[in-house]
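Hi everyone, thanks for coming. Please take a look at the chain on the screen, and then we'll walk through it together.

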Amino acid sequence: MPPKFKRHLNDDDVTGSVKSERRNLLEDDSDEEEDFFLRGPSGPRFGPRNDKIKHVQNQVDEVIDVMQENITKVIERGERLDELQDKSESLSDNATAFSNRSKQLRRQMWWRGCKIKAIMALVAVILLLVIISVPVLCAV
């Protein structure tokens with residue numbers, strides 16, 4: 001069984017952590033040296049290279065979005081699998097209970113049939129005794 005995941009994960013939970021991390025890394029109060037390493041070089045002499053970096057960054061952002069969607073879908077799938085497993089266990093329990101009750105009912109019906117046959121046989125024996133004893137009693 002797969003490990004349990006957080007049950008109700010919002011898109012804000014997934015995307016919010018990435019955004020807050022970016023915000024923390026790219027705060028306005030950082031010095032120029034840190035900005036250079038976090039944001040990359042900027043300025044007119046790095047223009048074409050900066051476009052490539054932006055293009056790559058956009059691709060990375062798209063991949064991040066796709067992966068976040070995939071993670072959300074996997075979590076939802078896990079929840080559906082858990083629900084399905086719970087339902088199948090409930091169905092199995094109900095089937096076992098139904099089987100036990102049907103066996104018990106079958107036994108009760110069998111005994112009832114035996115009782116009815118025994119009563120009918122007793123009535124038949126009593127009728128035979130009455131039929132046989134009436135002429136014998138009349139002859140005496």
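Where does UniProt place the feature "transmembrane region"? The unreviewed UniProt entry puts it at residues 116-137; such annotations may be inferred rather than shown by experiment, and positions follow the numbering used here, with feature names shortened.

A word on the source: this is a predicted model, where local features need pLDDT of at least 70, side-chain atom pairs count only at pLDDT 80 or more, and totals for chains, interfaces and linings use all residues. Residues are numbered from 1 along each chain as its sequence is written, and side-chain values use heavy atoms, leaving out hydrogens and water.

Now the fold. The chain has three helices and zero strands (DSSP runs numbered from the N terminus: helices are H or I, at least four residues; strands are E, at least two). Residues 116-137 are 100% helix, and their end C-alpha atoms lie 31 Å apart.

How much of the chain is buried? Of its 140 residues, 6% are (buried is under 20% relative accessible area, exposed over 50%, partly exposed in between, with a 1.4 Å probe and protein chains only).

Asp93 counts as exposed because its relative accessibility is 54%.

Leu127 also has its place in helix 3.
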